[in-house]
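User: Please examine the aromatic contacts in the structure shown here.

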Amino acid sequence: MLSSAPRHVLSPIFPPPDNQAPPPTALPKRRPAFRRFPSAVLRSAIRSIYVPESTSAAPFPGALGSSRSDWQTNCAILASKAASNSSSSSSSGGDNAGAASNEPSSSNDGNHYHLASPTPVNGLKQNSATLDLVPVVNLPRPLSISDLSPTPKHGSSVRVAYQGVPGAYSEAAAGKAYPNCEAIPCDQFEVAFQAVELWIADRAVLPVENSLGGSIHRNYDLLLRHRLHIVGEVQLPVHHCLLALPGVRKEQLTRVMSHPQALSQCELTLTGMGLNVAREAFDDTAGAAEYVANNGLRDTAAIASARAAELYRLQVLADGIQDDSGNVTRFVMLAREPIIPRTDRPFKTSIVFAHDREGTSVLFKVLSAFAFRDISLTKIESRPHRHRPLRLVDDANVGTAKHFEYMFYVDFEASMAETRAQNALAEVQEYTSFLRVLGSYPMDMTPWDASSSSSPSPPSSSS
């Protein structure tokens, strides 16, 4: 007698002929004879099925499975497997080699079946060539990251964001970093960062320090606020010119407009020229030249580049008015993804860290991690911690003395692909509460000539 509890049996997943159905709750006395197939196909053709306690629970008597949909699904799987394995035998054995049906064969064993031909799927007789609903050649290719925004190569046509208007020194730096690029002007440094983050631009070229004016602290703060990576640097000589409307003489000037750093870099020269003019700060040098030209200010001059004079049809009253001929601005190139550091050329790495311990010994230990490995530091910049500007401490550590909290920006001459740089940062991490690598990138090794700064080459696509 059969047990009252349901059980699992191993059964072929294809239906037997209508005139010879085995008992639904018992295994056949003789094992069905299958045509010889690879073991992988047979494994996929056998599954463990649930046999209900009563045959009345099966809506399709004579079919192995709990429902018609199960039987149709299993037939489809078996048909695809059998068709793929019978294609080779069909070509070698003639047209009848792979021909079979679900009807009983002429063998003495009534349970012998040939499974080479596709089984009817969903009641429809299908050819093996029509099992694929969509031709393989027409399948869509999966999207990759390169389809969203191709990674630009150095020197190719890329979209580069910079702060200022056409004619600014940042535009010339973008043209030096990426020749033939599509320069995108931005009115603020923050906008240039966001243009790259929002995939509007591929790169951003922004100044970080000047040989006369020092560091541009705003961009150092933005480097920490945004998740962009430094992928290169470019050094651009700065050549200032005094610009005014055509026909204006120096004696008519009562005001000079330009960027605050440009005004400070030309302070001694303006005084030596005997100009008794007021200094007025503007967002950028080229923007000051554009403002003078658009408003027809005949009593105002602008300090900007020679390219700005060409763009806004201004005359050059004085050329090379910077106090120091060796006036150079360093720009960094920013991208959404970092580059792979190498050792085949000089590299520079920029990091930022903070520590929450007292005294100067922590900073000494951090710097010693580079000194012991003969790694040269090219820059160290401290900025007050924006979220924790003050710390209150005393001997009992309860808070009577006030100390500033600082973030330290460090540039060192080594690639992150070098073992010494990796070991140095591993040691620095032991002494700091926060450490972030801003980028490891090639150094700008182009030769610098002061005479070449008089005519910086702009990007070809700017207008």
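User: How many aromatic pairs does a search of the whole structure find?
Analyst: The model is predicted, and the search covers the whole structure. The number of aromatic pairs found is 5.

User: Which geometry, stacked or edge-to-face, describes the rings of Y220 and Y409?
Analyst: The ring centres of Y220 and Y409 are 5.1 Å apart, and their planes meet at 70°. Planes over 60 degrees apart count as edge-to-face. The pair of Y220 and Y409 is therefore edge-to-face.

User: How many residues apart are Y220 and Y409?
Analyst: Y220 belongs to helix 6 (residues 217–225), whereas Y409 belongs to strand 18 (residues 406–412). Both Y220 and Y409 are buried. Their pair links distant parts of the chain, and the separation is 189 residues.

User: What is the angle between the planes of F370 and F412?
Analyst: These two rings form a tilted aromatic pair, with 4.9 Å from centre to centre. F370 lies in helix 11 (residues 361–371) and F412 in strand 18, so the pair ties together parts 42 residues apart in sequence. The angle between the planes is 40°.

User: Why does F412 count as buried?
Analyst: Buried means under 20% relative accessible area. F412 counts as buried because its relative accessibility is 0%.

User: Which residue has its charged end over the ring of W199?
Analyst: The charged end in question sits 3.9 Å from the centre of the W199 ring. It belongs to R336.

Definitions and conventions: Residues numbered from 1 in each chain as written. Predicted model: local features only at pLDDT ≥ 70, side-chain atom pairs only at ≥ 80, totals over all residues. Heavy atoms only, no water. Phe/Tyr/Trp six-rings, centres within 6.5 Å; stacked < 30°, edge-to-face > 60°. Helix = DSSP H or I, 4+ residues; strand = E, 2+ residues; numbered from the N terminus. Buried < 20%, exposed > 50% of the residue type's maximum accessible area, 1.4 Å probe, protein only. Lys NZ or Arg CZ within 6 Å of the ring centre and 35° of its normal.
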